[in-house]
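User: I would like to learn how to read a chain-to-chain interface. Please take me through one.

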Amino acid sequence: MKVQLVSLAAILSLASYSADAKEFILTDVEKGLAKGDWSISSEDLGVKEHNFTIKNTVLKGGKQDGSELLTIASDNLTIKLSPTRGLGILSVDGDGLRLGWDSPVDEVVNPKYINLESRGGLGWLDGFNELMVRCGFEWTGHAVQADGMIYTLHGRAQNTPVSKLIVNVLDKAPYTITVKGLIKENTFKKSNLETWVSLSYVPGSKDFIVHDVVTNKGDYTRDYQIIYHSNYGTPILEEGARFVAPIKEISPFNDYAKNGLKTWQTYLGPTKDFDEMVFNVYPYADDQGQTQVMVTNRAGDKGAGISFNTNQLPVFTLWKNTDTLKQGYVTGLEPGTSFAYPVTIEREQKRVRQLEPGQSAEFTLVYSLLSDKKAVEQYEAQIKSIQGDKETKVVEQPIAKE
Amino acid sequence: MKVQLVSLAAILSLASYSADAKEFILTDVEKGLAKGDWSISSEDLGVKEHNFTIKNTVLKGGKQDGSELLTIASDNLTIKLSPTRGLGILSVDGDGLRLGWDSPVDEVVNPKYINLESRGGLGWLDGFNELMVRCGFEWTGHAVQADGMIYTLHGRAQNTPVSKLIVNVLDKAPYTITVKGLIKENTFKKSNLETWVSLSYVPGSKDFIVHDVVTNKGDYTRDYQIIYHSNYGTPILEEGARFVAPIKEISPFNDYAKNGLKTWQTYLGPTKDFDEMVFNVYPYADDQGQTQVMVTNRAGDKGAGISFNTNQLPVFTLWKNTDTLKQGYVTGLEPGTSFAYPVTIEREQKRVRQLEPGQSAEFTLVYSLLSDKKAVEQYEAQIKSIQGDKETKVVEQPIAKE
Amino acid sequence: MKVQLVSLAAILSLASYSADAKEFILTDVEKGLAKGDWSISSEDLGVKEHNFTIKNTVLKGGKQDGSELLTIASDNLTIKLSPTRGLGILSVDGDGLRLGWDSPVDEVVNPKYINLESRGGLGWLDGFNELMVRCGFEWTGHAVQADGMIYTLHGRAQNTPVSKLIVNVLDKAPYTITVKGLIKENTFKKSNLETWVSLSYVPGSKDFIVHDVVTNKGDYTRDYQIIYHSNYGTPILEEGARFVAPIKEISPFNDYAKNGLKTWQTYLGPTKDFDEMVFNVYPYADDQGQTQVMVTNRAGDKGAGISFNTNQLPVFTLWKNTDTLKQGYVTGLEPGTSFAYPVTIEREQKRVRQLEPGQSAEFTLVYSLLSDKKAVEQYEAQIKSIQGDKETKVVEQPIAKE
């Protein structure tokens, strides 16, 4: 069976800007501008083929005081992002299906109330509740003390308010909506990574595109790492839910995960004391490096997929956190340049990439909402096609020890 | 002499809500609501028997930028609370008598400008100036490094802005005013304690009630600790002021406090180089566990009392910080579940309590302003009645060493 | 040649307040007041001899959200300060000459987004981009772990929003404009230093005066340290630019700086891998302790000078950070009470000063924009006059080892 993978070129043409677009600058530090509460609708834009609104709201109260929430609400999908939290994706809803999960952290926590160094470098956990979190870019992975500092859990990007925020809507079909933000990781003498992160959505579709460009603005070669920590809970995740991916090699993250080496393809229901089981995966890809992974419910009629390119994101972490519902019942599908080991291990094992002065790296991921049996089957067939009859090597021992 | 202790049932009936009440939601994170500047008066509410205003103000400037100050001003008492600082009680004034103290920290410091980890876990000291601070609930006590993290001094509750803030006024006598806030200590994988804290005040009275309910919202049994750090300076505290409590056992917190074992009942005036002297107390209580403690000035015509239940709060810390006026001349009367030792010691010595999943614990304290000789005498008589002729055991050595 | 040094008395008379002045209180925590966006002009004030505006703006977006920017724009100089960042001086422009530099940190970062403890105590680098930063007052210098805490790089003053902000304009000639802010370093039991910092500017001139008074508000003797970290990049700094000062003794800060002991008078152009070279300087001064230092471009027609008093500020750090333009091409001229060693070394070597209870220390510095050859020559001549024919002792070895 010949499967038509989404063409990267097509994706990028959707995501890129056009002269035929209306652009709205919501935040621009250079102009001292931040519109805060703002909205625009398809009607305002004279679009008749689709019905959508794009709305930015400044949240109030508690630890979310001052956090911005940007919502794209359309006939098909409702997408929620937080500009204040690195333009992370809070949740996506469509066809009665929710992409996202329920964290005990139930506010959009403003980074001003987060101390990434707390709990020995685990302060990131005080804000973690998103569907998609960028773990990077100066470093990522588990917290570790090294070089006289704490490399805090999963880096700083997610707890950095964007310095620029732009909404762009094509003014002709397909009326692509793009939300774009600039994350600056700038520290004198230490870091000068600037990343344009974006989400693009074509009204009427059930996919959305994440397209990020990280640039080393400095004069020295710098390390970077990124993990796209993409998290799904109910209703997709349930007992008997399945993880499907074209896998070249899989290994347990640590000794605990050795117990799950025979059952990594399926999920348990909410399970007390399960905590988390993590697997390191090297995926297969097609000739262009394109690959995709998915999680589907047991019945195979609700799922979520992520398509990405292994030239950009060569490794993949499968995070099975099928603990209780209140503890956070969630699985992470995490394409990355690195596994989730501390940066010290990632350096040793040569997975930390570098950017030369002025150099950029880009990452494109297509996230799909699979809301019926047919969509799930088709997505799975594409994955099987990439796997073909190639073998999956199961490595019994962890490749590193924290 | 038969003494009438305040009945806990009566207290709770005052503190609880009623259908016959007007409720004002000032902050609600679920609705993205935070009214900020707001006020209401007895006149607005059609109350004729009393004259009061309840006012919420957003402070500005310096380290208090964005901190909320909620003031209940009535004919008898003026009560100041800070919703941004865990609804701590800043001060209470009535009959020309002030409950509270003068800290060198003279702003209502917004937690966004506080780093609890600074000074080796003493960042809490950058904001400490309240009449009553909740030290808890995930942990409390002196800072300590353990379990790969810093348990920072006295926990996080006081530096957590409330996620919900409700003002409730009974619309018939006794027109009880209740201010209620929700403190969330939610961290993915680590903590899921949510605490409704409240202060209730009956116009015309000179008491106010603190009633808190901490709930373990998670699926795992969790530790909790609480110390109600209640702090009094001038004019009550002075040379010859007295601490009065029904005491079963008292011991010095550390070697330094051994020097004060004979004089713990009285206070020095402001004393250079005194620093702080701390005593661990197990109080006596009546059959229902109800007890009370007080501090009174030398003349016995100005005092402050706290009534609490030893089933809820079995231990008590006496903190004598009779240092100079500018350094902070203050005594802490601190009912708690724990002493002020680091959590590591409190765990060892079995004073750390636990909440099962979904379980709550509640704490009710009645704070009294004793503004004349008669009030002081009566309060003291009640304490003596609890002590009766039972002995006070003085333990010469500290029960633990930090 | 007899050189007329700026008289300290004359300076202070300019900086001090007058009954004949209009005063505008922009921020006052005691009144809960913070005007935020605000401006006034010479026209508003009925001043006809000069044309100026003073404007306060609340910045928005990214990490500068809520930071205030106060700009004095006049015919001669445009001076930018940030009240939210300790009233640090961002930049000064006049006659087409910029005093300041280009840091990779290109926002006025609100301290709420800075964690001074991060990177092992180097969080200060996340905000550093000013022309003049106060490093102090509780401590300064390189980060060090001691006394159970991290003394973070260069102290806390610069990341403290001012608690009071006052603009004062003389209502007769010379119409001196003074901006004054109060920095509180108040921590219960630990610190009670309050510093009135100010900048005064006489319209029409090319100098401005920094006049600070730090007071120990507590009852105990306290250490203090201050370094006026004054930073210049292009166009003054360039290959062949010169540092000129009357020097009694100079020594390398560390082994790396030993390589620059013969060439400390001149600067390299932007130089990859140069990093920073630091020298400790004891300046000569006149009979009153008055001295001055400068940096000038190669042609000697663009320069910047600082005049200060060695009784107040006895030591001086020369920071040559002639790394690449993007990395931060900058030199620091840093009068201080201390060198930039960690406080532990500064204590050992007796450079940490103390304030008795209630005692104040004051510091007056005159910053000059030298925008033509004549101004540069004249300033240099004054320096030479102070040096006279006195020798400069070059110490070959660092006086301390970090």
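**Reading the interfaces**

Analyst: Chain B and chain C bury about 2,800 Å² between them, and carbon and sulfur atoms give 49% of that area. The model is predicted.

User: Which residues of chain B lose the most area to chain C?

Analyst: B:Tyr113, B:Arg119 and B:Gln327 do; together they make up 25% of what that side buries.

User: How many residues of each chain are in contact?

Analyst: Contact is counted at heavy atoms within 4.5 Å. Here 36 residues of chain B touch 35 residues of chain C.

User: How many salt bridges does the rule find across the interface of chain B and chain C?

Analyst: A pair qualifies when a Lys or Arg side-chain nitrogen is within 4 Å of a carboxyl oxygen of Asp or Glu. The rule finds six across this interface. One of them joins the side chains of B:Asp275 and C:Lys189, at 2.7 Å from N to O.

User: Which element gives the most to the side of chain B that touches chain C?

Analyst: H4(B), with four residues. By class, that side has ten nonpolar, twelve polar and 14 charged residues.

User: What does the interface of chain C and chain A look like?

Analyst: Chain C brings 36 residues and chain A 35 residues to the contact. The buried area is about 2,800 Å², 49% of it on carbon and sulfur atoms. Six salt bridges are found there, including C:Asp106 with A:Lys184 at 2.7 Å, N to O. On the side of chain C that touches chain A, H4(C) gives the most, with four residues.

How values were computed: Residues numbered from 1 in each chain as written. Chains lettered and ligands numbered in written order. Predicted model: local features only at pLDDT ≥ 70, side-chain atom pairs only at ≥ 80, totals over all residues. Heavy atoms only, no water. Buried area = accessible area lost by both parts, 1.4 Å probe. Helix = DSSP H or I, 4+ residues; strand = E, 2+ residues; numbered from the N terminus. Nonpolar A, V, L, I, M, F, W, Y, C, P; charged D, E, K, R; others polar.
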